[in-house]
Amino acid sequence: MDAILRSLIDGLLLGFVYGIAAMGLTLIWGVMNVINLSHGSLIALGMFSVYFLFTGLGIHPYLAIVFTAVMGLLLGMLIYAIAVHRVINAPHLSTLLATYAVNMIILGVGTAAFTTSPYNVDFDLGSVKIASAVVPTTRLIAALVAMLVAGGLYLFLKYSRLGRYIRAVTDNRDAAEIVGVPSSQILAFSFGLGTMLAAISGGLIATFFPFTILAGSAYELKSFVIGVLGGLGNAVGSLFGGLILGVIEGLVPMAMPTTWTPVLEFVLFVLILLVRPTGLFGGNE
Amino acid sequence: MKFLRQHTSLWLSLAVLLVMGLWPIITGNALERETMFTVLRSVALASSLNILLGYTGYVSFGHVVFFGLGGYVGFYLIAARHWSLWTAILAGGAAAGLLAYLVGSAILRLRGAYFALATIGVNEAVRAFINNFEPFGGPTGMTMNFKVYKAYGGAGAALELSFYILVALTILVVLISYWVRTSKFGLGLLAIREDEDAAEIMGVVAPSAKTWAYVLSAVIPGMIGALFFFKNGTIEPGLAFPLHTSIEMIVMIMLGGQGTVFGPILGAAGYEFLRDALLVSPFFKNMQLAISGVLLLIIVLFIPRGLVGWLRQRSAKVRRWLI
């Protein structure tokens with residue numbers, strides 16, 4: 001019983017962090033119908049950013065995540081301007097390939113600079129006891145930060161002027177343009193927000209897991225699964241999707257070898273795409 | 001003469017393939033043959049995917065799954081069941097075709113990016129499954145007993161034989177691709193690409209046409225997978241299902257021109273020669289991936305029709321004979 005509880009809590013905490021990553025993916029999809037295939041490498045960049053700010057400059061990891069978030073926002077806007085804006089109205093193949101090209105560039109430069117050997121943020125806060133389960137403090141904080149970011153994003157989209165602009169562009173780009181919303185800038189900003197979420201989740205993961213420059217692709221695939229579970233374009237849904245995935249990852253190893261987890265995840269992924277392409281919680285929100 | 005003029009694209013394609021196929025004999029160099037093997041493999045894979053991506057307009061991001069599955073089935077039959085190479089290649093193609101039929105009937109209902117995501121999911125699911133499938137060796141894969149090659153006159157002769165089988169398979173793909181492009185079936189696919197709903201109203205039975213296009217584009221990669229891993233001697237999940245190979249296939253098609261017969265041949269050969277050149281240069285060796293990325297970005301942003309498409313757009317004369 002204790003073991004189940006422990007796995008469950010472990011999975012839930014991790015699920016929040018996955019949820020943030022997926023939220024970045026699904027936000028971009030929701031606003032501009034672009035699947036960002038550079039998502040994984042942006043998560044990896046977030047990990048490395050925290051690593052270098054902490055190990056190189058001695059900045060506290062959680063403060064480093066704040067810097068990482070700002071850099072993620074700017075980098076995302078830059079990527080949008082260079083690679084995405086020109087093909088934003090072209091068929092899906094173009095945006096898929098353009099973002100994948102960005103992915104190749106980041107991974108290529110990253111591999112040359114950091115090699116593919118594993119890195120580790122040497123940072124430990126001990127562990128805390130939740131109910132009868134003992135979990136590392138870094139994971140608990142990561143989950144709290146993820147909740148905070150998700151809540152902040154929700155409020156931002158709901159109540160701020162910029163957030164309203166983003167929702168307007170999501171609903172109808174042409175109409176938003178007519179009433180004076182600068183849609184190109186809003187699209188760039190939304191892409192930046194999605195990238196920021198990827199970078200934050202990467203930074204959080206780096207505080208408790210070792211990583212390589214290629215580590216992001218696994219989290220990108222998880223983000224796809226979560227995004228589809230929660231409904232592509234539904235930001236709140238992706239947080240729940242993250243929790244579901246976290247629970248699956250926590251509980252499956254109790255019943256069968258861990259290596260079967262990805263089989264279940266991807267079968268679930270394809271099935272949901274087929275049966276309910278709008279996800280468990282409905283489509284654009 | 002008229003016959004020659006009517007099918008210029010086909011003759012051009014076959015002539016290029018023939019030169020590639022005879023290149024090892026012309027140069028008499030085994031190393032050249034291995035280089036050419038890689039190029040021809042890419043030509044065949046890209047031309048196969050083009051049937052789905054270029055003609056039908058459905059973007060498969062996980063096409064390598066058919067190559068990998070065919071490879072595993074063929075390898076298992078040769079190594080563990082002692083089948084001959086010929087039947088194993090056929091079985092690899094059949095397995096890939098069957099998977100395409102089953103999966104295709106389901107996921108081809110999805111459109112646009114949803115279909116692309118589903119193909120990634122299928123590739124990852126099959127890879128994860130084979131990682132756990134003990135008869136296929138699980139995560140460590142399988143190795144071929146060296147004695148197997150004796151039946152083909154030793155390892156050296158087996159390599160040479162594999163090359164000529166590949167040449168034959170590549171010619172087969174190009175013939176299929178040309179047939180599809182010029183047939184009524186292919187016209188239906190092109191109509192689906194332009195506007196699926198309109199095509200259905202005009203009498204194209206889209207679900208079955210799409211499924212058969214998917215199967216056609218999967219069979220030859222399955223056969224090549226069986227051949228490739230027979231020649232390779234070992235197989236493991238990481239080698240058989242690399243996601244980036246799927247995307248390289250798309251890059252080659254884009255480079256040459258999607259939806260044309262000659263485009264994928266040109267694109268695949270160009271891509272492979274370029275990569276070779278980058279790999280041997282000491283400066284670019286580490287940056288190879290980044291440079292491919294920049295190249296892809298430039299193509300997508302500025303010449304989305306690819307080389308052949310660009311030429312066709314430039315002049316009506318070219319459009320008449322080059323497809």
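**Notebook: a two-chain predicted model**

I began with burial in chain A, and found that 55% of its 285 residues count as buried, where a buried residue has 20 or more other C-beta atoms within 10 Å of its own, an exposed one 12 or fewer, and a partly exposed one a number in between, with C-beta atoms placed from the backbone. I noted that this is a predicted model, in which local features need pLDDT of at least 70 and side-chain atom pairs count only at pLDDT 80 or more, while totals for chains, interfaces and linings use all residues. I also noted that residues are numbered from 1 along each chain as its sequence is written, and that chains are lettered from A and ligands numbered from 1 in the order in which they are written.

**Chain A as a whole**

I looked up the secondary structure of chain A and found eleven helices and two strands, these being DSSP runs numbered from the N terminus, with helices (H or I) of at least four residues and strands (E) of at least two. Along the sequence I read the pattern α-α-α-α-β-β-α-α-α-α-α-α-α. The radius of gyration of chain A is 18 Å, close to the 19 Å from the globule rule for 285 residues, so chain A is as compact as a globular protein of that length; the radius is taken over C-alpha atoms, and the rule is 2.2 Å times the number of residues to the power 0.38. I found that the C-alpha trace of chain A spans about 60 × 45 × 35 Å along its principal axes. For contacts in chain A with a separation of 6 or more, I noted that 78% are accounted for by residues 24 or more positions apart, two residues being in contact if their C-beta atoms, placed from the backbone, lie within 7 Å.

**The hairpin of chain A**

I turned to the two strands, and found that strand 1 (residues 127-130) and strand 2 (residues 133-136) of chain A pair in the antiparallel sense over four bridges; strands pair if DSSP finds at least two bridges between them. Val128(A) has Val135(A) as its bridge partner in strand 2 of chain A, and Lys129(A) has Val134(A) there. Between the strands of this hairpin lie two residues, and Ala131(A) takes a positive phi near 50°.

The axes are lines fitted to C-alpha atoms, for helices over the stretch in contact, and angles run from 0 to 180 degrees between N-to-C directions. Phe156(A), Leu157(A), Lys158(A) and Tyr159(A) of helix 5 meet Gly163(A), Ile166(A) and Arg167(A) of helix 6.

I then found Asn172(A) in the loop between helix 6 (161-171) and helix 7 (173-178) of chain A. Asn172(A) counts as exposed, with 12 C-beta neighbours inside 10 Å. Its C-alpha atom is separated by 9.5 Å from that of Val31(A), 141 residues apart along the chain.

**Chain B**

For chain B I noted 16 helices and two strands, and 52% of its 323 residues count as buried. Its radius of gyration of 19 Å agrees with the value near 20 Å that a compact globule of 323 residues would have, and its C-alpha trace spans about 55 × 45 × 45 Å along the principal axes.

I looked up Ser105(B) in helix 5 (residues 85-107) of chain B, and found it partly exposed, with 15 other C-beta atoms within 10 Å. Ser105(B) and Tyr214(B) are 109 residues apart in sequence, with 9.3 Å between their C-alpha atoms.

The axes of helix 13 (residues 262-280) and helix 15 (residues 306-314) of chain B come within 7 Å and cross at roughly 130°, which makes helix 13 oblique to helix 15.

**Where the chains meet**

Last, I found 34 residues of chain A in contact with 35 residues of chain B. On the chain A side, helix 4 (92-114), helix 9 (216-230) and helix 11 (261-275) each supply at least two residues, and helix 4 of chain A gives the largest share, 15 residues.

Technical notes: Angles under 35 degrees count as roughly parallel, over 145 as roughly antiparallel, 65 to 115 as roughly perpendicular and the rest as oblique.
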